[in-house]
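Me: I have a structure here that I have not looked at before. Can you walk me through it?

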There are 4 protein chains.
Amino acid sequence: MKGIKIVTIGGGSSYTPELVEGFIKRYDELPVRELWLVDIPEGQKKQNIVGNLARRMVKKAGVPMEIHLTLDRREALKDADFVTTQIRVGLLDAREKDEKIPLKYNVIGQETNGPGGLFKALRTIPVILDITKDMAELCPNAWLINFANPAGMVTEAVLRYGKIKKVVGLCNVPVGMQMNIAKLLEVDSSRVRIDFAGLNHMVYGLNVYLDGNNVTNKVIDMITSENPSMTMKNIADFGWEKDFIKALGIIPCPYHRYYYKTRKMVEHEIEESKKDGVRAEVVKKIEKELFELYKDEKLDIKPPQLEKRGGAYYSDAACNLINSIYNDKKDIQPVNTRNNGAIASIDDDSAVEVSCVITMEGPRPITVGDLPVYVRGLVNSIKSFERAAVEAAVSGDYSKALLAMTINPLVPSDEVAKEILDEMLQAHKKYLPKFFKE
Amino acid sequence: MKGIKIVTIGGGSSYTPELVEGFIKRYDELPVRELWLVDIPEGQKKQNIVGNLARRMVKKAGVPMEIHLTLDRREALKDADFVTTQIRVGLLDAREKDEKIPLKYNVIGQETNGPGGLFKALRTIPVILDITKDMAELCPNAWLINFANPAGMVTEAVLRYGKIKKVVGLCNVPVGMQMNIAKLLEVDSSRVRIDFAGLNHMVYGLNVYLDGNNVTNKVIDMITSENPSMTMKNIADFGWEKDFIKALGIIPCPYHRYYYKTRKMVEHEIEESKKDGVRAEVVKKIEKELFELYKDEKLDIKPPQLEKRGGAYYSDAACNLINSIYNDKKDIQPVNTRNNGAIASIDDDSAVEVSCVITMEGPRPITVGDLPVYVRGLVNSIKSFERAAVEAAVSGDYSKALLAMTINPLVPSDEVAKEILDEMLQAHKKYLPKFFKE
Amino acid sequence: MKGIKIVTIGGGSSYTPELVEGFIKRYDELPVRELWLVDIPEGQKKQNIVGNLARRMVKKAGVPMEIHLTLDRREALKDADFVTTQIRVGLLDAREKDEKIPLKYNVIGQETNGPGGLFKALRTIPVILDITKDMAELCPNAWLINFANPAGMVTEAVLRYGKIKKVVGLCNVPVGMQMNIAKLLEVDSSRVRIDFAGLNHMVYGLNVYLDGNNVTNKVIDMITSENPSMTMKNIADFGWEKDFIKALGIIPCPYHRYYYKTRKMVEHEIEESKKDGVRAEVVKKIEKELFELYKDEKLDIKPPQLEKRGGAYYSDAACNLINSIYNDKKDIQPVNTRNNGAIASIDDDSAVEVSCVITMEGPRPITVGDLPVYVRGLVNSIKSFERAAVEAAVSGDYSKALLAMTINPLVPSDEVAKEILDEMLQAHKKYLPKFFKE
Amino acid sequence: MKGIKIVTIGGGSSYTPELVEGFIKRYDELPVRELWLVDIPEGQKKQNIVGNLARRMVKKAGVPMEIHLTLDRREALKDADFVTTQIRVGLLDAREKDEKIPLKYNVIGQETNGPGGLFKALRTIPVILDITKDMAELCPNAWLINFANPAGMVTEAVLRYGKIKKVVGLCNVPVGMQMNIAKLLEVDSSRVRIDFAGLNHMVYGLNVYLDGNNVTNKVIDMITSENPSMTMKNIADFGWEKDFIKALGIIPCPYHRYYYKTRKMVEHEIEESKKDGVRAEVVKKIEKELFELYKDEKLDIKPPQLEKRGGAYYSDAACNLINSIYNDKKDIQPVNTRNNGAIASIDDDSAVEVSCVITMEGPRPITVGDLPVYVRGLVNSIKSFERAAVEAAVSGDYSKALLAMTINPLVPSDEVAKEILDEMLQAHKKYLPKFFKE
């Protein structure tokens with residue numbers, strides 16, 4: 001029996017132990033025989049630390065899973081069944097710039113859908129598209145499971161310009177919302193189902209069901225009257241205006257704070273950055289501590305400290321998805337995939353984040369009809385931005401990049417957009433070959 | 001021969017002489033026999049001044065047009081052919097509050113699509129819906145030609161809740177764009193045609209034709225390279241970032257500055273308000289001077305000073321529209337009307353501002369297909385806002401009003417939205433009976 | 001523990017033993033405690049025979065399922081969990097007329113989507129709408145699982161005019177296609193998945209997957225080269241023109257023969273009707289034999305002869321659906337439900353037959369995008385017909401009925417439509433009170 | 001001053017004198033200086049006869065219009081302003097086969113949207129696509145005004161595969177409907193406006209206005225109660241079933257008889273063909289007589305006998321269209337053009353026949369919203385057929401041709417489709433090089 005071959009690009013990431021743990025836990029039904037951790041020379045040191053930890057974890061668990069470490073992506077991709085991508089082009093230094101530079105202009109960096117996210121897209125998309133070229137050649141039937149942010153734009157780019165068709169973009173935001181709402185209702189999260197629809201980091205819970213009964217209004221009421229946090233580790237815990245959420249009638253995701261509370265968020269981030277640095281700086285510290293832990297040769301499980309890292313549920317989401325595809329589980333998971341009519345006001349061939357039934361043939365979106373009219377504008381604003389960003393990433397066209405920056409709802413003016421753009425282009429020059437051709 | 005009966009509600013407006021001039025000029029093909037200027041008791045003094053000027057103008061022109069002044073709307077509406085509405089509920093004092101209160105929170109008031117516009121909608125829509133009730137009874141075949149702002153939301157409200165179906169919302173923005181572009185091209189404006197599409201004060205020129213040839217790129221190039229003003233009297237003359245407009249590929253309207261240059265505009269308005277007061281205060285002064293002029297019994301033409309008032313082309317647009325309906329002219333005019341599929345990403349039954357061929361049966365929208373993906377977000381954001389605002393105006397529901405305020409792209413946060421909303425509700429209490437029921 | 005209460009309207013049907021068998025088999029996970037078989041006085045004799053058999057079956061199986069027989073629908077409906085409808089208004093005599101009268105005009109009766117189906121709809125829809133009224137009052141949370149044909153039009157009618165929202169229309173055609181294709185591929189049917197989309201008795205298999213791999217072209221090739229039957233008991237086994245199916249690129253259902261082979265089918269039916277009578281007459285004979293068997297007090301299982309009846313997989317489909325809703329199985333089943341954007345070229349609020357994931361909240365359609373352009377016409381022709389038929393059934397409007405008859409693709413001319421309509425109206429007068437009001 | 005250059009391909013047609021007359025009448029506003037009549041060697045004799053008549057007409061009228069006769073299409077196309085195509089590949093002999101062969105199978109040939117129309121499409125589309133290649137090279141700014149049938153499919157083909165974008169398909173059916181309805185209302189046709197929408201020879205009048213008032217119901221009532229002919233020279237004058245048309249609520253075109261009265265039409269055509277031959281044979285006789293007349297050197301006007309030919313209003317429609325484009329008339333004309341959202345249930349990039357405002361930039365469709373649900377099926381059936389036919393014509397793929405033939409609503413069965421197809425392919429072999437490659 002052959003078993004499954006998984007290739008994790010960016011395998012030296014601090015998240016990897018969670019992924020390894022996920023595969024170990026599911027080994028009985030999801031027999032991963034080979035896990036290839038691929039990284040780049042700059043990441044080799046971390047790759048070794050993580051790889052050794054992974055081997056110790058596998059050994060302790062007693063499962064016959066081989067851990068391969070390589071810098072040769074093409075060698076790894078050969079005959080893979082699933083390829084996961086968790087790359088960070090330019091590492092945390094680049095994220096720091098994504099967050100810091102916009103703040104200088106009193107603009108939130110927002111490393112996924114803001115100006116920071118634009119630059120993360122410009123750096124990441126060309127690399128992912130290259131990976132799809134290799135996949136088309138070396139493992140044409142494999143699924144690409146991308147968690148690299150901005151996951152929405154990366155999925156959009158692969159759908160439009162990638163050399164493979166089997167791609168899913170993954171996000172831990174909906175899982176987190178489900179957990180938070182279950183906690184609020186004081187029930188086990190398995191009893192809660194939410195119809196998710198929107199875009200990556202711009203997703204709404206349209207309906208919430210408890211044991212099959214629609215409890216959306218009750219949940220909205222609880223959110224507004226008790227004002228529970230309903231947020232994530234990396235997003236400030238500001239409550240919503242009660243009457244606003246009541247009239248909205250659906251549940252926003254934590255990232256919606258950036259759009260519905262822009263001013264408060266930018267003020268908060270400036271303050272925080274003065275105190276503890278931007279999120280990248282905080283993460284750097286956490287990462288450093290994590291890798292110190294990982295080095296410990298006695299450690300042979302995922303250390304609990306990893307939870308602090310912010311990517312809670314991420315690897316679990318990935319393992320669940322792979323498991324459901326492999327075993328045709330037909331459970332319902334919210335992922336980033338081709339819209340194909342699920343959400344009426346978004347183009348059929350664009351990426352959306354929507355509840356899908358996960359089958360052997362991949363995710364199949366469940367129809368939404370359309371989003372409530374009151375959120376169509378904001379959702380489409382981010383889609384407009386995503387589309388412009390993808391075009392810029394693929395072409396290296398300065399004016400497209402300026403367009404993307406200007407129409408981003410977090411950016412207040414075209415001339416500010418230009419200033420931020422110009423400074424960021426210079427700062428990330430090394431990772432933007434398409435913009436600095438000779 | 002019967003001739004045409006026109007009823008102008010808000011007839012004491014300083015704009016009326018332009019309308020009168022328009023009817024006089026067109027008398028040969030558009031024989032207006034009766035012009036009824038309707039106003040409310042608070043406006044009677046102005047109504048008399050304007051009415052007397054109108055009578056002198058008619059006399060001088062030698063056309064058999066009767067000018068009727070009345071405070072009894074229902075008397076006037078009986079058997080009308082066209083009803084024009086140019087009301088300002090709460091007068092310029094209300095506008096002053098619409099502009100001043102948001103500025104206190106560093107937010108642009110924007111009396112058409114911003115927080116100010118929301119309140120103008122809340123005050124105006126119930127009155128217009130009342131007028132449609134009277135029309136349904138007294139002149140069911142008449143056309144309602146509305147220029148009262150926010151013209152987009154008023155049209156949306158009449159389409160959804162009005163008692164008549166024949167409604168057109170009028171705006172001088174597209175005419176102004178056409179004039180400016182003709183000037184830029186150094187040709188007569190009759191040689192220029194523009195495909196307009198979008199929403200009121202959120203309209204784009206998708207294509208520009210000169211003598212039938214598409215010159216859009218040339219015009220964009222001229223806008224960006226020579227950075228001509230392309231604006232209106234009441235909107236600050238800030239040029240666009242060249243590369244941004246180039247990538248956008250279509251021509252924004254002057255009001256787009258509020259959205260694509262928000263920060264600059266708010267800073268500018270704060271500065272201006274300190275110097276000359278907000279626009280309402282400037283307009284009050286102009287109005288006062290105008291009415292002084294109008295009082296002059298020797299004046300029997302539209303005084304040239306009216307041009308400064310900011311509503312250039314407005315009455316011309318109205319006369320043109322009425323003329324084209326009456327004479328089945330089949331010329332192409334951009335108006336606010338039911339979308340009916342003209343713009344794909346907006347609901348069929350919503351109001352849009354789009355180039356229409358004007359026939360005896362009213363405006364018939366020319367298909368656009370869809371707006372470029374890069375502007376769909378912003379346009380839909382305003383439509384989301386408009387829809388929420390209409391619901392709030394019709395229901396008097398506080399939470400709907402807060403929703404509208406929060407999702408407006410000019411408002412930076414839900415808690416700021418609430419503060420502005422609460423202060424404005426108090427300030428306009430008198431004109432918002434639906435929100436202050438006993 | 002309460003257990004499930006099921007109400008079967010038309011419970012005296014010869015199909016009922018299959019349903020009973022289905023519930024017995026699934027008792028462990030689907031504990032049906034009460035099964036109410038409701039019928040009308042004319043059906044009481046059969047109801048008793050079937051009811052007694054059901055009781056013997058339950059006893060033999062040793063499950064604590066109570067069988068209730070009643071003529072009082074409202075008594076039965078109280079607090080039901082699921083209501084299944086398998087009524088035949090006018091019994092098989094009416095079906096005989098549905099099939100025979102059109103044949104006199106050389107037109108296929110087709111008791112589901114043809115002229116016969118129109119009359120079945122006119123007789124059935126008012127009764128089903130009445131049932132939904134009772135349900136709204138007596139068991140508002142129950143699901144209505146309808147198998148009464150024409151299942152598409154009945155679902156359309158309930159969606160538009162019913163007093164409840166939880167309705168599913170069921171059909172055995174897709175299940176049969178899956179079985180036939182599995183047989184063709186020589187694999188177990190559980191390894192085959194088909195994306196179904198279209199309308200009731202007008203459904204296509206868009207893609208066929210074997211173990212997750214798309215084998216559509218292979219299956220098309222097998223259909224055309226080996227020309228296997230791929231049909232149902234009640235539909236003549238004529239093969240498809242090879243090149244036609246190849247160019248179509250998707251798998252038609254057995255009922256498509258009526259549309260793509262109209263002439264051959266009508267000739268065949270005329271011939272058959274001379275030999276063995278129309279299908280209703282054949283079924284009458286089978287039914288008679290079945291009830292003779294059912295009377296046998298020693299019989300305590302579903303007799304194998306029932307399979308000949310033509311409704312193979314029907315009750316299995318029903319039990320599966322109920323089981324999946326009750327247990328939130330999230331398996332994929334093709335059912336008739338509100339489109340909600342699943343198929344682009346059909347209205348959102350119309351009924352379609354489409355693969356759905358079945359959850360505790362009911363069926364959730366999986367997006368199709370759109371049907372291939374080559375079948376959009378035919379599918380929409382049936383939808384046009386269904387919509388007209390529903391309007392006729394609800395209003396009793398003669399001209400709507402003539403419209404439905406004329407636009408049916410099986411009816412060759414408006415004057416023929418009128419002749420058939422007039423003769424059938426008279427023949428079914430007793431069951432069409434809306435058309436013969438006093 | 002340069003004047004206009006018009007190229008008429010198929011210039012030897014008997015219709016040409018009407019076109020010449022049209023240009024002469026409009027010379028003052030539409031100064032056609034050069035009219036090039038292009039034909040193929042087989043048509044040279046007729047071309048000379050027609051060309052000489054044209055010259056006499058021009059001379060008599062005293063307008064400076066040059067008539068050029070040539071067999072060299074490319075010479076003619078150089079710098080043309082408008083190119084009209086009225087070609088008949090295979091001449092009337094081919095049409096005879098288009099009409100006769102299907103009748104052998106009791107199927108209407110219908111040389112535009114039936115099996116005959118399919119073959120006319122297969123012969124004509126490759127030639128028209130070749131013409132667009134020449135145009136792209138020799139007169140890239142010229143408009144292609146096509147009247148060659150099947151005009152809908154030809155337009156669809158040019159929109160999808162042509163080398164130019166400026167194409168309009170023209171039809172005399174809507175003009176005829178307008179004339180007939182005006183006659184019915186006993187008013188001048190200029191007072192009547194009809195909203196046309198649908199496909200070529202499958203067009204409906206959605207609304208009829210008299211002097212701007214909607215009189216649709218009145219017209220429907222008149223059609224049904226007085227049963228006036230409302231047809232064309234070449235279509236049998238059978239009235240509609242009163243209640244059917246009433247429920248339809250819109251006005252069908254004469255060609256709808258083929259679909260709503262199929263049986264009656266096929267019986268009638270078989271009968272007629274036995275008496276006078278098929279329409280092609282009748283036309284041949286008329287043509288022969290016409291050319292005898294044309295030869296008469298004393299004839300210097302369009303002879304009144306031409307009206308009998310069946311193409312009434314055709315050339316008038318063409319001249320009107322050219323005039324409106326040239327002079328930016330902005331009148332409303334129904335033409336075949338890119339849908340672009342005008343009719344919701346048809347693809348944006350497909351050809352539709354719809355009321356357009358005709359500008360200097362070409363026809364601009366007026367939005368329809370959507371067709372009434374009751375006709376969407378039939379209209380989409382023809383669009384399905386047209387799309388398959390275009391694919392077959394462009395590829396020469398036998399299976400696509402069989403698909404087109406089978407899904408045509410006039411063809412009753414796939415095996416009949418195959419028989420007709422095979423016989424017609426052989427009969428037209430000479431003109432179908434794509435199907436008989438070596």
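Reply: What follows goes through the chain pairs, the salt bridges and a few backbone details. Keep in mind that this is a predicted model.

Me: How many residues are in contact between chain D and chain C?
Reply: On the chain D side there are 41 residues, in contact with 41 residues of chain C.

Me: And how much area is buried between them?
Reply: About 3,500 Å² is buried between chain D and chain C, and carbon and sulfur atoms give 57% of that. In chain D, the residues that lose the most area to chain C are D:R263, D:Y374 and D:D414, which together make up 20% of what that side buries.

Me: How many salt bridges are there between chain D and chain C?
Reply: Six salt bridges. One salt bridge joins the side chains of D:E415 and C:K261, with N to O at 3.4 Å. As for polar contact, 31 residue pairs are counted between chain D and chain C.

Me: Which elements of chain D give two or more residues to the side that touches chain C?
Reply: They are α9 (242-248), α11 (262-275), α14 (373-395), α15 (398-407) and α16 (414-427) of chain D. The largest share, 12 residues, comes from α14(D). By class, that side of chain D has 18 nonpolar, 10 polar and 13 charged residues.

Me: Now salt bridges in general. How many over all chains?
Reply: The whole structure has 150 salt bridges over all chains. Within chain A, A:E281 forms a salt bridge with A:K100, where the closest N and O atoms are 3.0 Å apart. Because A:E281 lies in helix α12 (residues 279-295) and A:K100 in helix α4 (residues 91-104), the pair ties together parts that are 181 residues apart in sequence.

Me: Are those two buried or partly exposed?
Reply: A:E281 is partly exposed, at 21% relative accessibility. A:K100 also counts as partly exposed, at 34%.

Me: What about the pair B:D347 and A:R376?
Reply: Their side chains meet in a salt bridge, 3.2 Å from N to O. B:D347 sits in the loop between β10 (332-338) and β11 (351-359) of chain B, and A:R376 in helix α14 (residues 373-395) of chain A, so the pair joins two chains. B:D347 is partly exposed, with a relative accessible area of 27%. A:R376 counts as buried, at 13% relative accessibility.

Me: Last topic, the backbone. Where is there a cis peptide bond in chain A?
Reply: The peptide bond from A:N149 to A:P150 is cis, with omega near -5°. A:P150 lies in the loop between β5 (143-146) and α6 (151-161) of chain A. In chain B, a cis peptide bond joins B:N149 and B:P150, with omega about -5°.

Me: Why bring that up?
Reply: Because most peptide bonds are trans, and most residues other than glycine have a negative phi.

Me: So what is phi of A:Q110?
Reply: Phi of A:Q110 is near 45°, a positive value in a residue other than glycine. A:Q110 is in the loop between α4 and α5 (115-138) of chain A, and counts as buried at 6% relative accessibility.

Me: And C:K330?
Reply: C:K330 is not a glycine, yet has a positive phi of about 55°. C:K330 lies in the loop between α13 (314-327) and β10 (332-338) of chain C.

Technical notes: Residues are numbered from 1 along each chain as its sequence is written. Chains are lettered from A and ligands numbered from 1 in the order in which they are written. This is a predicted model: local features need pLDDT of at least 70, side-chain atom pairs count only at pLDDT 80 or more; totals for chains, interfaces and linings use all residues. Side-chain values use heavy atoms; hydrogens and water are left out. Contact means heavy atoms within 4.5 Å. Buried area is the accessible area (1.4 Å probe) that two parts lose on being put together, summed over both. A salt bridge is a side-chain nitrogen of Lys or Arg within 4 Å of a carboxyl oxygen of Asp or Glu. A polar contact is a pair of N or O atoms within 3.5 Å; within protein, one must be able to donate a hydrogen and the other to accept it, and residues adjacent in sequence count only if both atoms are side-chain atoms. Helices (H or I, at least four residues) and strands (E, at least two) are DSSP runs, numbered from the N terminus. Ala, Val, Leu, Ile, Met, Phe, Trp, Tyr, Cys and Pro count as nonpolar, Asp, Glu, Lys and Arg as charged, and the others, Gly among them, as polar. Buried means under 20% relative accessible area, exposed over 50%, partly exposed in between (1.4 Å probe, protein chains only).
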